[in-house]
Each structure stands twice: as structure tokens, then as C-alpha cells.
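These are my notebook entries on a structure that I examined residue by residue. I set down what I looked up, in the order in which I looked.

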Amino acid sequence: MTITHPTSGLSSKFDEADLQQKAKDHLWMHFARQSVMEDGHGVPIIVKGDGHHIWDSTGKKYFDGLSGLFVVNAGHGRQRLAEVAAKQAAELAFFPLWSYAHPSAIELADRLADYAPGDLNRVFFSTGGGEAVETAFKLAKYYWKLQGRPTKHKVISRAVAYHGTPQGALAITGIPAMKEMFEPVTPGGFRVPNTNFYRAPEHGDHLEQFGLWAANRIEEMIEFEGPETVAAVFLEPVQNSGGCFPPPPGYFQRVREICDKYDVLLVSDEVICAFGRLGHMFACDEYNYVPDMITCAKGMTSGYSPIGATIVSDKVYEPFKHGNTSFYHGYTFGGHPVSAAVALENLDIFEEEKLNENVRENSPAFRRTLEKLHDLPIVGDVRGDGYFFGIELVKDKKTKETFDDDESERLLRGFLSKALFDAGLYCRADDRGDPVIQLAPPLTIGQREFDEIEGILRSVLTEAWAQL
């Protein structure tokens, strides 16, 4: 079939049946049930993006309400990013950072260090978020060994938090169902409560007291395990998995105090939250704390080329400045010349178009628009920050009763995911925790698009409730 994309007049030929058959025969999708293809339903094939819209291989248009996967922050179809990638590839397509360097990686490291708070001045490149977390985990353990404190090797993270899929990062991930099939995982990961105020086990009537309670559980865990065994605490500014849990006021200030008290490194995992998702280049600035390391990836290039980074404080870098000490760790494609060049241009777009300012200015309106959905019986909570929101679905608003596993299966996989997509909204209906719809659209949108998102959600959620 021939598709003409309305925004560009571009004609592309796609043989839908041929692509579906090849996908069924050979493609193994990520985090997906292969049975979708094996059962003959096929898979949506996305062929084009422009602005905040995507098109599939049948020519249907969708609103990209998830920025691909919290990635395409500057929007789809940025010709200048494609041109920069082509120019860099023609000039120097590849060279490793293994004892060598190239201009785009040097310039990007300098730029990221300028954006980062405090004394976070050293940048270790990888190719994605999981690798950035893996780097921080290994570096934390090695740092304490170099300090003559080799027993500090454990890491603390929050319940239901996702920090990546490599074996080390998986130890930090707090979702048991994602780990059990790979056990035994790397040892040393311990969990504390997250900041889900909607389901607060303590101080459910006072946000700040709940935040202090949650932070103090980190101190409790450090004391229980022994301060001389704990290397680092890994926290997202807004926790993604479970449905956008923002930190209560004072939470991160208390966590910083605890980490300083017990000589524990604080890692701000900003793979999702950095580069504008919360209206700042680095989200720790939104909540006024300075970590010892920042992990980042996704939005750095707005997805136009893969890259990740672990940004490290002068304190953590200090032992590596002298003598024969090396960090025996790296990735072939870490700091890839094309990716680094694209990142620099993407950050130029952020500054020229004031995307961070757009998020900070319009986030309250986005929240107000989504909160209109509170009049639906299935909507229990609307939460988040910046351009990053979750809508928790419930069986009973008064009691906050959630859905059991079978009901979640029927609601999320059996109806909502497909119904939202069919209605023209690509987003995430997530059951890692309680059932939640997640939204993280490109940072370029405003009130008109907020209304469009709310309208689609209202229609589909009304139908979902009727089916229940």
C-alpha cells in the first residue's frame, strides 16, 4: 500500500502483510508478549513522526503522549538533528573513548558539566539509561574501596522503582516480578518505601510529614544493614514505575542529610526526568538538592541517536585523578561521535525555543486539565510534575480499592491499551504497581494539546467503566 503523510507530502510504500509476516517470523520485541504476533493480531508498525504526532503503516495518525518512551522531548521530525547526525557521520562516524577522545564528546561533557549542579563536573558516557545506572553502581562500590572501606557495597532504592535491566541495575530495580526469572541477581539491593502519597501507609493526611517519614525509612535501612556496608542510595526525582510519584516537600533535603551523616553516596537517576521533563536540564534543580552522581540518557538527544551519561562529583572523581588508578569499565559506543553531536544540537534547540521554560509555565495548566477527569468514577488520583503525569485507576474512589490481577489484565491489556491507541492516543497503561495511565508528551505542546489528551482519555475511560 502507498501512504501519503499529510504533514510532508512524503509518499512511502509499505507492504503491510509482508512487514507483519517478517515481524512474526523474526522480530523479538522488548517488554512485550510475542503471542500478540503469534496469535495473528499483528503489531502496530510506526513509520513516521512529526511534532507530537506519529503515523503507522496503514496511514493512521496518533498523538504521541509518551514521547516514544519518555524520549522525544523536542518532538519528532527535527530536520536539523538529522542533518547534524549526517554531517558528523561523514566527518567522523566512530571513534571510542578508550584512551582517546573526539571533539563532540569533549564539548558535550563540558556542556553537561555546566548544566549540572554543585561540583558534578565529570561525565562518563554510555549508550543508554541502564548502562548509566550500571556505571554508577560499579563506580560507587569502587569509590569506597579506594577510600579503604571495601565493605560499603550495598545499594538502597525504593519499592516498585525501575532502574534498568542490566544485572547490576536490576539489583537496584524494585519490581519483584521483573527480577524473579533472572535470579539470582547481583546481591546488595535493598528496598525502602516510595513516595506514593495516595496510598501513604503513614501520615496520609499530611504530605510533608509523610515525606519525612519516607525519607527516614532510608536512615532506618542504613542503620539496620550497617552504615559500613551501604555504598549508595538510588532515587528518581519523580519515580516513574508505579505511576509518577513526586517527592513531598523536604523529602530530598532530608535524604541528603541522611546520606551525608552516614557517608553514603546519593545518585539521582534522571534517565526520564532530565532534559526538560520537569522543566530543567536536571530535575534535581527542581527539588533543590545536589546529588553525588546523576544518571541520564533518553531526552539528551530527544531520541535521535542513543546516548547515556553518568555525571560525577569532584569528590567521587578525586581518587581517579592520580597515579595508576583506572576505572575498568566502558562501552564501545559510549559517547558516540554522532550521538554526542546530535545531543549538542538538541540542547541548542532547548535553549533557543525555551523548552524548559515552556514546561514550567504550562505544567500547572496540564495538571488542571487532567484533574478534570476526577469526575469519572474510575479515576482515583492524578499526580506528577512538569510534563510527566500518572492517572491511577480504581474500582472505588471512596475506599481507593484497586483492581485485582485478573481485573487489571482485562482492563489494561484487554481493553485500555488498544482502546486508547485506536482513539488516537499513544501512551502507557501500566500495571507495575496499581493500574495507571502514564503521560509524558513532547515538551513543545500547550493547552490545545492538553485538551485533546483529556478528551480522548475521558471518552475511553468512560467506556472502560461501562464495560466493568
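**Entry 1: helix α9 and its end.** I began just after α9, where Asp263 takes a positive phi of about 55°. I worked on a predicted model, in which local features need pLDDT of at least 70, side-chain atom pairs count only at pLDDT 80 or more, and totals for chains, interfaces and linings use all residues. Residues are numbered from 1 along each chain as its sequence is written, and side-chain values use heavy atoms, with hydrogens and water left out. Helices (H or I, at least four residues) and strands (E, at least two) are DSSP runs, numbered from the N terminus.

I then checked the length of α9, residues 251-262. Its twelve residues should span 16 Å at 1.5 Å a residue, and the end C-alpha atoms are 17 Å apart, which agrees. The expected span of a helix is 1.5 Å times one less than its number of residues.

Which residues of α9 are buried? I listed Tyr251, Phe252, Arg254, Val255, Arg256, Ile258, Cys259 and Tyr262. Buried means under 20% relative accessible area, exposed over 50%, and partly exposed in between (1.4 Å probe, protein chains only). The cover over these buried residues includes β7 (154-158), α8 (207-225), β9 (230-235) and β10 (265-269). Contact means heavy atoms within 4.5 Å. I noted the general rule that an α-helix has 3.6 residues a turn, so residues three or four places apart point the same way.

**Entry 2: helix α8.** I turned to α8, which has 19 residues and reaches 28 Å from its first C-alpha to its last, close to the 27 Å expected at 1.5 Å a residue. Its buried residues are Phe210, Gly211, Trp213, Ala214, Ala215, Arg217, Ile218, Glu219, Met221, Ile222 and Glu225. What do they pack against? I found β7, β8, β9 and α9. Just after α8, Gly226 takes a positive phi of about 100°.

**Entry 3: backbone details.** I looked for positive phi in residues other than glycine and recorded Ser67, near 50°, and Phe275, near 55°. Ser67 lies in helix α3 (residues 67-70) and is buried, with a relative accessible area of 0%. Phe275 is placed in the loop between β10 and β11 (293-296); at a relative accessible area of 1%, Phe275 is buried. I also recorded a cis peptide bond from Glu183 to Pro184, with omega near 0°. Pro184 sits in the loop between α7 (167-172) and β8 (189-192).

**Entry 4: Val394.** Is Val394 buried or exposed? At 0% relative accessibility, Val394 counts as buried, although I found it in a loop, between β14 (388-393) and α13 (405-422). Beyond its neighbours within four places in sequence, Val394 has contacts that include Tyr198, Arg199, Pro377, Lys400, Phe403 and Trp465. Pro435 is 41 residues away from Val394 in sequence and 7.7 Å away in space, C-alpha to C-alpha.

**Entry 5: Tyr62.** I placed Tyr62 in strand β5 (residues 61-64), and its 3% relative accessibility makes Tyr62 buried. Leaving aside neighbours within four places in sequence, Tyr62 is in contact with His52, His53, Ile54, Asp56, Phe421 and Gly424. I also took the distance from Tyr62 to Asp292, 230 residues apart along the chain, and found their C-alpha atoms separated by 40 Å.

**Entry 6: Thr332.** Thr332 is in the loop between α10 (314-317) and α11 (337-353). I noted Thr332 as partly exposed, with a relative accessible area of 45%. Which residues does Thr332 touch, not counting those up to four places away in sequence? They are Phe94, Pro96 and Trp98. Between Thr332 and Phe95 I recorded 237 residues in sequence and 8.7 Å in space, C-alpha to C-alpha.

**Entry 7: the whole protein.** The secondary structure comes to 14 helices and 17 strands. The radius of gyration is 22 Å, close to the 23 Å that the globule rule gives for 468 residues, so the protein is as compact as a globular protein of that length. That radius is taken over C-alpha atoms, and the rule is 2.2 Å times the number of residues to the power 0.38. Buried residues make up 56% of the 468 residues. Of the contacts with a separation of 6 or more, 70% are accounted for by residues 24 or more positions apart.
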